[in-house]
Amino acid sequence: MQEEVENRTVTLVVSGTKFSGRLLQTAITKYMAHRKEKKMQKSRDAQVKPKGKQTVKELIGQDQGVSNIEVTDSSIRDFDRIARKYGVDYAVKKDRSASPPKFLIFFKARDADALTAAFSEYSSKKIRKASRASVLQKLSKFKEMVKHAVPDRTRRKERER
């Protein structure tokens with residue numbers, strides 16, 4: 001096997017009046033560009049399946065059945081992070097017909113278990129976020145405490161000896 005790799009050669013035919021190092025360098029550069037172009041052509045020909053967030057059209061085009069879930073929360077970015085973590089292929093469509101806009105999340109039918117896990121983590125994260133006090137609430141609480149605190153206005157003149 002090692003001999004096969006070592007004995008592999010490339011035949012490069014260069015025609016010119018005067019053979020120099022510069023001519024050899026340009027010939028090798030052109031050959032390498034040709035190989036790179038061929039490699040890129042092969043990769044372009046291969047069909048690439050999109051992963052993660054995609055359009056509804058791309059998701060339906062994969063022919064695996066599509067399901068959807070309706071979400072009314074406007075902070076859909078948190079869901080994006082969690083869905084990427086679980087490797088779910090999904091598409092988000094905004095429904096503007098309702099007064100607070102609704103989001104329809106389309107996903108593949110085979111990703112149902114992963115999406116269930118992602119939604120359970122998303123909902124627990126939302127519940128935790130809603131249960132803790134915001135920084136503005138804490139700040140207003142401390143402002144009230146400072147307003148109602150009675151300062152000690154007696155002056156003391158003491159000298160250390």
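Which residue forms a salt bridge with lysine 85? The legends below take up that contact, and the structure shown is a predicted model.

**View 1. Glutamate 121 and lysine 85 form a salt bridge.** The partner of lysine 85 is glutamate 121, and their closest N and O atoms are 3.1 Å apart. Because glutamate 121 belongs to helix α5 and lysine 85 to helix α4, the contact ties together parts of the chain that are 36 residues apart in sequence. Glutamate 121 counts as partly exposed, at 21% relative accessibility. Lysine 85 counts as exposed, at 57%.

**View 2. Lysine 53 and aspartate 80 meet through their side chains in a salt bridge.** The N to O distance is 3.8 Å. Lysine 53 sits in the loop between α2 (21–45) and α3 (56–60), while aspartate 80 is part of helix α4 (residues 77–86). With 27 residues separating the two, this pair links distant parts of the chain. Is aspartate 80 buried or exposed? Aspartate 80 has a relative accessible area of 8% and is therefore buried, the cut-off for that class being under 20%.

**View 3. A salt bridge joins the side chains of glutamate 70 and lysine 102.** Here the N to O distance is 3.4 Å. Glutamate 70 lies in strand β1 (residues 66–71), and lysine 102 lies in strand β3 (residues 102–108). The two residues are 32 apart, and the pair links distant parts of the chain. Glutamate 70 is partly exposed, with a relative accessibility of 47%. Lysine 102 is also partly exposed, and its relative accessible area is 27%. A search of the whole structure finds three salt bridges.

**View 4. Lys125, Arg128, Arg132, Lys138 and Lys141 form a positive surface patch.** Which helices each supply at least two residues of this patch? They are α5 (112–131) and α6 (135–148). Helix α5 also holds glutamate 121, the residue shown with lysine 85 in View 1.

**View 5. Arginine 132 is placed in the loop between α5 and α6.**

Definitions and conventions:
Residues are numbered from 1 along each chain as its sequence is written. This is a predicted model: local features need pLDDT of at least 70, side-chain atom pairs count only at pLDDT 80 or more; totals for chains, interfaces and linings use all residues. Side-chain values use heavy atoms; hydrogens and water are left out. Patches are made of residues with over 30% relative accessible area and no salt bridge: like charges are joined within 9 Å, nonpolar side chains (Val, Leu, Ile, Met, Phe, Trp, Tyr) within 5 Å. Accessible areas come from the Shrake-Rupley method with a 1.4 Å probe; for residues, only the protein chains shown count as cover. A salt bridge is a side-chain nitrogen of Lys or Arg within 4 Å of a carboxyl oxygen of Asp or Glu. Lys and Arg count as positive and Asp and Glu as negative; His and the chain ends are not counted. The place of a charge is taken as NZ of Lys, CZ of Arg, CG of Asp or CD of Glu. Helices (H or I, at least four residues) and strands (E, at least two) are DSSP runs, numbered from the N terminus. Buried means under 20% relative accessible area, exposed over 50%, partly exposed in between (1.4 Å probe, protein chains only).
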